[in-house]
Amino acid sequence: MNSKIPEDLLERAYQGKSTKEDGLLLLKVPPFELFRFADELRSLAAGNTVTYVVNRNINFTSRCVGTCGFCAFRTNAGKVLSIEEIMAKVREAKQENATEVCIQGGLLPEVGLDFYLGIVEAIKAEFPEIHIHSFSPMEVYHASRISEMPVKEALLRLKRSGLDTMPGTAAEILSDRVREIICPLKLKTGEWVEVVRQAHAAGIPTTATMMYGHIETLEERIEHMLIIREIQKETGGITEFVPLPFMPYNNPVGEKMIKEGRYATPGLEDLKTYAISRILLHGHVNNIQASWVKLGKKLAQFALNCGANDLGGTLMEESISRSAGAGHGEMITVEELEWMIYGAGRIPQERTTLYRRVRDLASGSQKTPGCGVSE
Ligand code: SF4
């Protein structure tokens with residue numbers, strides 16, 4: 001069945017031991033052979049269910065002292081939402097049956113950990129049941145520096161205040177060569193890994209993302225996936241892997257690419273990246289999320305046949321990708337997500353951030369088949 005993929009590579013993949021060389025070789029396999037194998041591993045890891053979460057993104061400010069060359073979101077003088085304004089958005093999210101709020105923002109020069117603790121505490125005081133999935137490793141690192149405390153201490157305080165999980169964003173490509181060019185002031189590869197490891201040690205699971213399709217080599221892309229796998233082998237704290245194609249509009253890195261005649265990644269390359277991530281992470285990270293915001297709805301739906309088993313969130317508002325040229329909308333309804341999933345021949349299932357079935361929350365027992373990472 002997988003005639004173009006060498007037997008020994010298949011064997012390593014089933015055992016969760018794919019190598020960097022395997023990843024590079026898979027890039028050369030005919031795409032539909034690759035997709036079929038990734039789909040088989042998806043079926044083994046996650047069954048026929050495709051999950052999604054009802055959530056709301058809240059970006060509390062676009063003001064940022066960062067200098068990331070790929071960013072179209074940052075402003076010099078954007079408004080900073082007050083706690084009351086954030087709470088108004090959380091209340092709206094609750095009215096729409098959201099189980100999660102995902103709060104992130106720019107890096108404010110004068111704002112330390114107390115600001116972040118204040119947000120978490122206000123939300124938990126009114127809605128103890130809502131899952132707070134917030135603050136990137138960069139935000140935590142930045143806040144801990146401003147507050148002059150170790151990252152470990154900052155994470156423990158956030159956890160005590162009610163932070164449930166963190167988005168594994170700010171990962172971009174985990175290569176210091178790449179980071180030096182596209183985000184020189186951001187945490188280095190080792191620092192990102194360390195914040196994530198410390199979060200897991202503090203009882204805060206994270207997702208893991210990869211923003212690909214700019215200046216990185218294919219080898220660096222594969223190395224990124226293997227770094228994620230190594231963290232997961234050590235901590236088990238990664239709930240999902242989310243490959244995110246770079247949006248080249250309204251930002252310096254993208255403008256330079258476009259001048260050189262290079263644009264956003266072709267859809268085929270996106271699907272291959274999803275498939276290879278499923279194969280390289282097999283046995284370690286069960287959930288591969290296709291981002292409908294970045295891929296568009298139709299390609300995200302197709303990615304469900306190339307290794308992905310999750311479509312992410314309903315979001316309610318989205319401004320980061322939109323500012324970089326994504327034109328796929330800021331929200332999606334549950335009905336449309338389920339329509340997309342049925343259309344791909346699969347079974348929709350609303351999940352929590354930690355991949356538990358929403359309707360089983362009351363009993364607290366059953367999990368989505370094949371999921372169950374980092375409960
Ligand atoms: S990516 Fe984040 S840290 Fe970097 S400039 Fe944009 S808002 Fe700031």
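1. Which residues in α6 meet which residues in α7? From α6 these are V140, Y141, A143 and S144, and their partners in α7 are V151, A154 and L155. To meet, or be in contact, two residues need C-beta atoms, placed from the backbone, within 7 Å. By class, this contact has six nonpolar, one polar and no charged residues. (Ala, Val, Leu, Ile, Met, Phe, Trp, Tyr, Cys and Pro count as nonpolar, Asp, Glu, Lys and Arg as charged, and the others, Gly among them, as polar.)

2. A word on what you're looking at: this is a predicted model, where local features need pLDDT of at least 70 and side-chain atom pairs count only at pLDDT 80 or more, while totals for chains, interfaces and linings use all residues. Residues are numbered from 1 along each chain as its sequence is written. Helices (H or I, at least four residues) and strands (E, at least two) are DSSP runs, numbered from the N terminus.

3. Back to the helix pair. The axes of α6 and α7 come within 9 Å and cross at roughly 110°. That makes α6 roughly perpendicular to α7. (Angles of 65 to 115 degrees count as roughly perpendicular, under 35 as roughly parallel, over 145 as roughly antiparallel and the rest as oblique; axes are lines fitted to C-alpha atoms, for helices over the stretch in contact, with angles from 0 to 180 degrees between N-to-C directions.)

4. Helix α6 (residues 137-146) is largely enclosed by the rest of the structure, because eight of its 10 residues are buried. Buried means 20 or more other C-beta atoms within 10 Å of a residue's own, exposed means 12 or fewer, and partly exposed is in between. The buried residues of α6 pack against β3 (100-104), α5 (113-126), α7 and α9. After α6 comes E148, with a positive phi near 50°.

5. Helix α7 (residues 151-161) also packs with α9 (residues 189-201), at about 40° and with axes 9 Å apart. That makes α7 oblique to α9. Here V151, K152 and L155 in α7 meet V195, Q198 and A199 in α9.

6. UniProt (unreviewed entry) has a "binding site" annotation on C64, C68 and C71; such annotations may be inferred rather than shown by experiment. C64 counts as partly exposed, with 19 C-beta neighbours inside 10 Å, whereas C68 is buried, with 21. Leaving aside neighbours within four places in sequence, C68 is in contact with I182, C183 and K186.
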